[in-house]
Structure formats: C-alpha cells, structure tokens
Amino acid sequence: MADQVVQCGACRVDVRVVRADGGDVVRCPGCARTAPKAEAIQMARSALIDIVMRDLPEDLREVVRSNAALGYRAADHYDWVLK
C-alpha cells in the first residue's frame with residue numbers, strides 16, 4: 001500500500017498533510033474535512049479491506065474481521081479511502 005494515496009471519502013480528492021500541534025493532520029482541499037494522519041490511514045485501509053471482502057465467502061470474511069493485525073474497522077461509510 002505504499003503507493004496508495006489517501007483521499008477524502010466524500011470529495012474523492014487527494015488529501016494534503018498539514019502540521020498541527022498534536023502531529024500531522026490530513027485535510028481535504030475540497031471540503032476541509034480533517035483528521036489525524038494515522039486515523040485517516042487506518043480508515044482508508046479499512047475501506048480497502050471492506051471492498052476486497054465483498055468477494056470473499058462469509059467464513060473468510062470472519063477470519064479477516066477477527067484478525068487484529070489487519071486493523072480492520074467496519075463502518076457504514078468511510079470518511080477516508082484509498083485511491
């Protein structure tokens with residue numbers, strides 16, 4: 001995933017990384033949505049896993065959901081996605 005780009009889930013534009021007092025923050029240049037960089041990356045990773053899991057049988061989906069190393073967090077919608 002090193003060559004993947006985090007995008008805003010609503011605008012589908014590449015985010016910009018900005019410095020803040022608490023560390024790096026990503027910001028959407030379209031709608032100005034912001035989040036801590038690590039949180040945005042985690043959510044984008046979960047969005048990608050969610051897409052891939054659609055083609056898996058239910059027993060394999062359960063394996064993915066239970067594997068903490070993958071860091072998957074299910075959501076109804078994802079604020080951050082991967083391009």
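Me: Why is Gln-7 called buried?

Reply: This is a predicted model. Gln-7 has 8% relative accessibility. Buried means under 20% relative accessible area. The value of 8% falls under that cut-off, so Gln-7 counts as buried.

Me: Where does Gln-7 sit?

Reply: Gln-7 has its place in strand β1.

Me: What makes the link between Gln-7 and Asp-14 a polar contact?

Reply: The side chains of Gln-7 and Asp-14 are joined at 3.0 Å. A polar contact is a pair of N or O atoms within 3.5 Å, one able to donate a hydrogen and the other to accept it. The distance of 3.0 Å lies within that limit, so the link counts as a polar contact.

Me: Which residues is Gln-7 in contact with, leaving aside its neighbours within four places in sequence?

Reply: Among them are Val-13, Val-15, Asp-79, Trp-80 and Lys-83.

Me: How far apart are Gln-7 and Arg-27 in space?

Reply: They are 9.4 Å apart, C-alpha to C-alpha, and 20 residues apart in sequence.

Me: What makes up the largest nonpolar core?

Reply: Nine residues, including Val-6, Cys-8, Ala-44 and Trp-80. Strand β1 (6-8) and helix α1 (37-53) are the elements that give two or more residues to this core. A second, separate core has seven residues, among them Ala-47, Ile-49, Val-64 and Val-81.

Me: Which residues does Ala-44 contact, leaving aside neighbours within four places in sequence?

Reply: Ala-44 is in contact with Val-6, Trp-80, Val-81 and Leu-82.

Definitions and conventions:
Residues are numbered from 1 along each chain as its sequence is written. This is a predicted model: local features need pLDDT of at least 70, side-chain atom pairs count only at pLDDT 80 or more; totals for chains, interfaces and linings use all residues. Side-chain values use heavy atoms; hydrogens and water are left out. A nonpolar core is a set of buried Ala, Val, Leu, Ile, Met, Phe, Trp, Tyr and Cys residues joined through side-chain atoms within 4.5 Å. Buried means under 20% relative accessible area, exposed over 50%, partly exposed in between (1.4 Å probe, protein chains only). Helices (H or I, at least four residues) and strands (E, at least two) are DSSP runs, numbered from the N terminus. Contact means heavy atoms within 4.5 Å.
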